[in-house]
Amino acid sequence: MSGKDQSVVSKEALMSTKSGKQIIKQGLFKSKGFRLFSQYKEEAEAEFPKFAERFTDDLLREIKSDVSPASTQTEFAQEVGTTEITLQDSQIPAIKSKLENREILRDRVLRILNSNFVKMTLPVFNALYDAAAAYHNNKNAQMRQDLVDGHIIAIDLSEPMDRIMDKDEDLEYLDDYKLMNPYILKIARAKIAKGGEQVLQEFEDGFKDARLGQYIDTKLKMNPRKITEEQMNQCYKKYRAVMGTAGRNMALAKNPLGELFYLGMARAAECVGCGNEIEDSIKNKFVKVPSWPLYYTLLTNDVKQGFDFTMKKSELYLSDARLAMELLPKDFTHSEFLEFLFLTVEHYNQYWYNQLGKLNIWSELSANLPR
């Protein structure tokens, strides 16, 4: 859940932030939070290849059994509100035929699963499910696999969709992704539905909110200097919708845990969103449109202040996530896991903020602001 770059968790990187030093200290003393976090991380690393194989097999079954792939593409375009991420009818037969080769399909699945965000959310969802199952005394290994797989697959759908929209990587595979997308959503829904009607409804509401956030994001790109705080909050709906909904559903949408998982995961994801925007500015040498750094830069007329205020905003998000944690029941089994998770989020943001300061590229960022 904490970013894209493995160097962030090197010892040198951890030593460079206050929260990173706390992470090292907890590791040395083998705190409960550190032990739980390591346990779920190791389980996820061992489980990930099996998950990828299950995902590939499910996808292959859906692609092969679809007698009307053109209708599938049309329905998907209507649901997501754009034809930019679907194929023309004439393209479908050749691509469908190619992806019916399991090895080729598996390659495409591994490409879209190659995201640290996906890899970091797998242990988190497993931990949340286990904590809720212990609290409600209803452990069910198959339900755990279905719900976690379903939400990871749903989150993963954003990878090919973003790559198609941004056209910034995997250019030769974008048409393959267009064919795969509707089936990815169908598989996610089928697995999430195993949690019951309420869980599926939460997912549907979250999916709608994520699309709204994405739409506002796209709209703001057309007139970036007119960003308001309300629009930025709407834009961040995609983080809340994705992680908050998944958190709620790990508790089978039952309160109080459902609401508290929603709040904790939604706010932590929004906090990571701020860190992503800082990291992207370093990588691309311009301030992302739209983003909190751009919003605050335009208000203060100073790029450095724009990023300083973004860090303050990220701290507010994380403080809200920690507030949700304080509301957890007294006998909650995974409090220390969540404390440790939030430490990693804090370290991630602080690390990239420090890196930006060291690079001293303020004049370059200023020169590249939208006019």
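Author: Start with a term: a residue is buried under 20% relative accessible area, exposed over 50%, and partly exposed in between (1.4 Å probe, protein chains only). Ile-95 has 9% relative accessibility, so Ile-95 counts as buried. The model is predicted: local features need pLDDT of at least 70, side-chain atom pairs count only at pLDDT 80 or more, and totals for chains, interfaces and linings use all residues. Numbering starts from 1 along each chain as its sequence is written, and side-chain values use heavy atoms, without hydrogens and water.

Ile-95 belongs to helix H5, residues 92-99. Helices (H or I, at least four residues) are DSSP runs, numbered from the N terminus, as are strands (E, at least two). Which residues does Ile-95 touch, not counting those up to four places away in sequence? Leu-87, Asp-175, Asp-176 and Leu-179. Touching, or contact, means heavy atoms within 4.5 Å. Phe-48 is 47 residues from Ile-95 along the chain, and their C-alpha atoms are 27 Å apart.

Next comes Asn-181. This residue is found in helix H10. Asn-181 is buried, with a relative accessible area of 0%. Beyond residues up to four places away in sequence, Asn-181 touches Phe-76, Ile-85, Leu-157, Pro-160, Met-161 and Ile-164.

Just after H9, Lys-167 takes a positive phi of about 50 degrees.

H8 also has a partner of its own. Two packed helices are described by the angle between their axes and the distance between the axes. Helix H8 (residues 141-156) packs with helix H13 (residues 237-250) at an angle of about 175 degrees, and the axes are 10 Å apart. That makes H8 roughly antiparallel to H13. Leu-147, Val-148, His-151 and Ile-155 make the contact from H8. From H13 come Val-242, Met-243, Thr-245, Ala-246, Asn-249 and Met-250. By class, this contact of H8 with H13 has 7 nonpolar, 3 polar and no charged residues. Three terms there need their rules. Axes are lines fitted to C-alpha atoms, for helices over the stretch in contact, and angles run from 0 to 180 degrees between N-to-C directions. Under 35 degrees is roughly parallel, over 145 roughly antiparallel, 65 to 115 roughly perpendicular, and the rest oblique. Ala, Val, Leu, Ile, Met, Phe, Trp, Tyr, Cys and Pro are nonpolar; Asp, Glu, Lys and Arg are charged; the others, Gly among them, are polar.

Now the rings. The structure holds 17 aromatic pairs. Tyr-40 and Phe-337 have ring centres 5.6 Å apart and planes at 75 degrees, so they pair edge-to-face. Tyr-40 lies in helix H3 (residues 32-65) and Phe-337 in helix H17 (residues 335-359), so the pair ties together parts 297 residues apart in sequence. Both Tyr-40 and Phe-337 are buried. A stacked pair is formed by Tyr-236 and Tyr-317, at 5.9 Å centre to centre with 10 degrees between the planes. Tyr-236 lies in the loop between helix H12 (229-235) and H13, and Tyr-317 in helix H16 (residues 303-326), so this pair ties together parts 81 residues apart in sequence. Tyr-236 and Tyr-317 are buried. For pairing, ring centres of Phe, Tyr and Trp (its six-membered ring) lie within 6.5 Å; planes under 30 degrees apart are stacked, over 60 edge-to-face, the rest tilted.

Tyr-236 and Tyr-317 share one aromatic cluster with Tyr-239, Trp-292, Tyr-295, Tyr-296 and Phe-309. Lys-313 lies over the face of Tyr-317, at 5.4 Å from the ring centre. Arg-248 lies over the face of Tyr-262, at 4.4 Å from the ring centre. A charge sits over a ring if NZ of Lys or CZ of Arg is within 6 Å of the ring centre and within 35 degrees of the ring normal.

Finally, the backbone in the loops. The peptide bond from Asn-255 to Pro-256 is cis, with omega near 5 degrees. Pro-256 sits in the loop between H13 and helix H14 (257-284). Val-289 and Pro-290 are also joined by a cis peptide bond, with omega about -15 degrees. Pro-290 is in the loop between H14 and helix H15 (292-300). Asn-360, in the loop between H17 and helix H18 (362-367), has a positive phi near 55 degrees. Asn-360 counts as exposed, at 53% relative accessibility.
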